[in-house]
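Have a look at the structure first, then read on.

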Amino acid sequence: MVPSTLFPSLLVLPALAFLSLSASALPHARTASSTAALKLAVRINSYGIKNIAAADRARVQALQAGGSSSINATNSWTLYTADIGVGSPATSYTLLVDTGSSNTWVGANKAYVKTATSHDTGGTLYVTYGDQSYVSGEEYTDTITLNSDLVIDNQSIGVASDSSGMADLDGILGLGPVDLTEGTVSNANEVPTVTDNLYTQGSISSEVLGVFFAPASSDDSGGELTFGDYDASKITGGINYVPITSTSPASTYWGIDQSISYGSMSILSETAGIVDTGTTLILIASDAFVKYQVATGATLDQSTGLLQISSDQYDQLQSLYFTIGGVTYELIPNGQIWPRSLNSAIGGTTNGIYLIVANSGSNSGSGLDFTNGYCFLERFYSVYDTSNSRIGFATTEYTYATTN
């Protein structure tokens with residue numbers, strides 16, 4: 001465990017406003033047809049990481065080994081947080097939002113406050129994460145308030161007595177598949193997730209989560225979660241759905257099958273991987289990464305861990321094409337580079353051009369050969385449909401943005 005005195009501070013992402021969780025849904029009674037959208041705060045972590053690619057690679061390697069995907073918050077580069085209320089009257093906690101893990105817990109920094117709605121289940125919680133960070137404590141049920149439209153009764157929630165790796169955050173809001181909770185609580189096989197209970201208690205009509213991120217270099221406010229449906233105002237065109245992959249270990253998470261081409265050249269044949277809000281970059285299998293590096297002419301920058309190209313090479317950069325369920329999504333050249341206005345935050349030079357495609361550290365055939373992280377999700381809206389075991393994607397106003 002890293003001593004608390006060595007925890008890095010977390011900086012607000014310069015290009016984005018820091019927002020507390022807030023509702024943008026119309027006020028109405030809790031009914032089975034309701035949906036609600038929640039704004040996310042976005043932070044960038046600029047301390048304590050050797051390089052951005054190494055941090056993401058550690059997370060992916062833990063996933064490939066079958067562990068929980070939620071890596072230590074101090075090792076995640078782009079952090080999405082939400083302020084939620086626990087208890088009645090509610091105490092507010094700032095939690096890391098993660099589609100790669102499923103346990104929700106508090107108490108890493110701010111102590112859990114018991115109220116009349118608190119109930120100790122008698123179970124103990126223990127979850128280990130990708131970098132060997134962990135949380136241990138007791139499992140309670142309590143009232144969880146996301147906003148006035150989204151209030152959950154008797155939500156299973158962990159209360160940490162010991163934890164590592166959360167910096168100044170209070171815990172995690174787990175939005176992954178419920179199977180990831182198996183074996184984490186001593187007196188339960190699985191514990192229902194926040195999304196599970198919103199659905200079973202009738203707050204939302206479908207067990208669906210829509211996720212919208214804006215590019216870090218844009219003027220938008222960062223991110224939005226929509227529970228119960230997707231936000232049609234955030235997309236251009238329709239949602240295209242694909243089933244969760246059957247290939248393990250990607251099938252344990254929000255996993256899909258896709259192929260990737262650079263221009264007209266295939267660099268990764270159709271294979272399984274995951275979509276993950278907790279990963280910053282787009283990571284691809286080592287053999288695919290070598291093809292991409294050769295095709296772009298990029299060199300590896302040791303400071304950032306990212307591929308670097310010259311201005312002339314950027315002018316020649318071709319689009320990446322992700323084919324998912326027969327639909328091809330184009331990541332234009334500008335979408336393949338780190339925002340130049342944020343180069344200093346990752347240890348890069350002011351005028352450097354760094355690519356956001358990185359090496360996963362293992363060759364294709366691992367069962368988890370790619371991770372479409374934030375740099376993919378800021379260009380494409382994503383929908384996580386538990387009811388139908390599928391994931392959807394759509395273009396947004398930022399798909400073809402050239403703000404990086």
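Which residue in strand 19 is the bridge partner of L320? That would be L331. Keep in mind that this is a predicted model.

**Strand 18, face by face**
- In a regular strand, side chains alternate between the two faces of the sheet.
- Strand 18 covers residues 320–324, and its side chains do alternate.

**Who strand 18 pairs with**
- Strand 19 (residues 327–331) runs antiparallel to strand 18, and five bridges join the two.
- These two strands make a hairpin with two residues between them; G325 sits in the turn with a positive phi of about 60 degrees.
- Strand 13 (residues 255–262) is also antiparallel to strand 18, joined to it by four bridges.
- Within that pairing, F322 of strand 18 has I260 standing opposite.

- Three strands line up in the order 16-17-20, with antiparallel pairing, to form an open sheet.
- Strand 16 (299–300) and strand 20 (353–354) are at the edges with a single partner strand each, so one side of each has no neighbour in the sheet.
- Strand 17 (residues 307–309) pairs with strand 20 over two bridges, and I309 has I353 in strand 20 as its bridge partner.
- Helix 3 (residues 286–296) lies across strand 16 and strand 17, at about 15 degrees to strand 17.

Terms used. Residues numbered from 1 in each chain as written. Predicted model: local features only at pLDDT ≥ 70, side-chain atom pairs only at ≥ 80, totals over all residues. Heavy atoms only, no water. Buried < 20%, exposed > 50% of the residue type's maximum accessible area, 1.4 Å probe, protein only. Pairing = 2+ DSSP bridges. Contact = heavy atoms within 4.5 Å. Axes fitted to C-alpha atoms, helices over the stretch in contact; angles between N-to-C directions.
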